[in-house]
Amino acid sequence: MKKFKRLGLLAGLSLTLIAAGCGSDEDAATENEAEGTEGEDVVEEADGVSIAEELDFTITGIDPSAGVMEATERAIEEYELEGFNVQPSSDAAMTAALGTAIENEEAIVVPGWTPHWKFSKYDLKFLEDPKGVFGEAENIHTIVRLGLEEDLPEAYQVLDNFYWTPEDMGEIMIAVNEGQDPDEAAAEWIENNEDKVAEWTDGVGTVDGESITLALVAWDSEIASTHMIANVLEDIGYDVEISPLQANGMFQAVAGGSADAIVAAWLPLTHQHFMDDHEGEFVDLGVNLEGAQTGLVVPAYVEIDSIEELVN
């Protein structure tokens, strides 16, 4: 019987939408292309109105401790985006603001990452980053506390074996975004991917109710991965607690031993500074997902292709 303990995780999915900070100017014009592009909307500059002014010089962000937010601040400096600011919010609030802007065919720019369901739901594009502020593709790592291998060897082995693809993660994210409970979506994915899960649990014995705590930052991607691996651990007998924290908090929790593991460390950019802050205080089990990407994202109808074009 499933007995997950929840510490307000779903609040990360339903945070109240704060001001998006990407208001449209009354003089900004949007129109459909006249020929050959059925249903394709294009945001164009109105007379004398730049894309920066359409955006109200605002990038709609997520939680301020996230590495992608720090990279966005660096991008403002590196590209000399004078007057721009990053409006912190949350993953849920940012995607809600993105959806509202797209519904109204307004310009918006957000820090984005893949895997994420928003790329399946909306027609989006990463802005080119010629200065390389956001780096190359990232990988997601599994991090565990010191001593876990000795204390909970079965969990350690499963976590060490855990590896999947962006497409795997995307299936759970899309299901959750469409209204399915994260536990149910994760359990359904496991049922449909028994061969893959069997590779992680091969040779692993069962346990009798030992407790394990998984920390995460409540991004949609990490909600998907953490609920999935929690289900796998529970199926072999663990009593799993999921603890949602800010990005810095989940690393502090594993380093301090109040959490046993995370499957949500984006490296070498997004979370590298937290790894450096706690060097030697936990164990990096390596990559559980390859090919993640971060950067600045706009709807495809916004007529810019590079961060450089945000300059007023």
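User: In this predicted model, which strand holds Thr58?
Analyst: The strand in question covers residues 58–60. Thr58 falls in that run, so the element is strand 4.

User: Is Thr58 buried or exposed?
Analyst: The cut-off for buried is under 20% relative accessible area. Thr58 has a value of 5%, so Thr58 is buried.

User: How many salt bridges does a search of the whole structure find?
Analyst: One of them joins the side chains of Asp305 and Lys125, at 3.1 Å from N to O. Asp305 sits in the segment after strand 12, while Lys125 is in strand 7. The search of the whole structure finds four.

User: How far apart are the closest N and O atoms of Asp260 and Arg145?
Analyst: Asp260 lies in the loop between helix 11 and strand 11, and Arg145 in strand 8, 115 residues apart. Both residues are buried. Their salt bridge brings the closest N and O atoms to 2.5 Å.

User: Which residues are linked with Asp260 in a network of salt bridges?
Analyst: Asp260 forms a salt bridge with Arg145. The network also includes Asp151. The partners are therefore Arg145 and Asp151.

User: Which helices does the pair Asp168 and Lys196 tie together?
Analyst: Their side chains meet in a salt bridge of 2.6 Å, N to O. Asp168 is buried at 6%, whereas Lys196 is partly exposed at 24%. The two residues are 28 apart in sequence, and the pair ties together helix 7 and helix 9.

How values were computed:
Residues numbered from 1 in each chain as written. Predicted model: local features only at pLDDT ≥ 70, side-chain atom pairs only at ≥ 80, totals over all residues. Heavy atoms only, no water. Helix = DSSP H or I, 4+ residues; strand = E, 2+ residues; numbered from the N terminus. Buried < 20%, exposed > 50% of the residue type's maximum accessible area, 1.4 Å probe, protein only.
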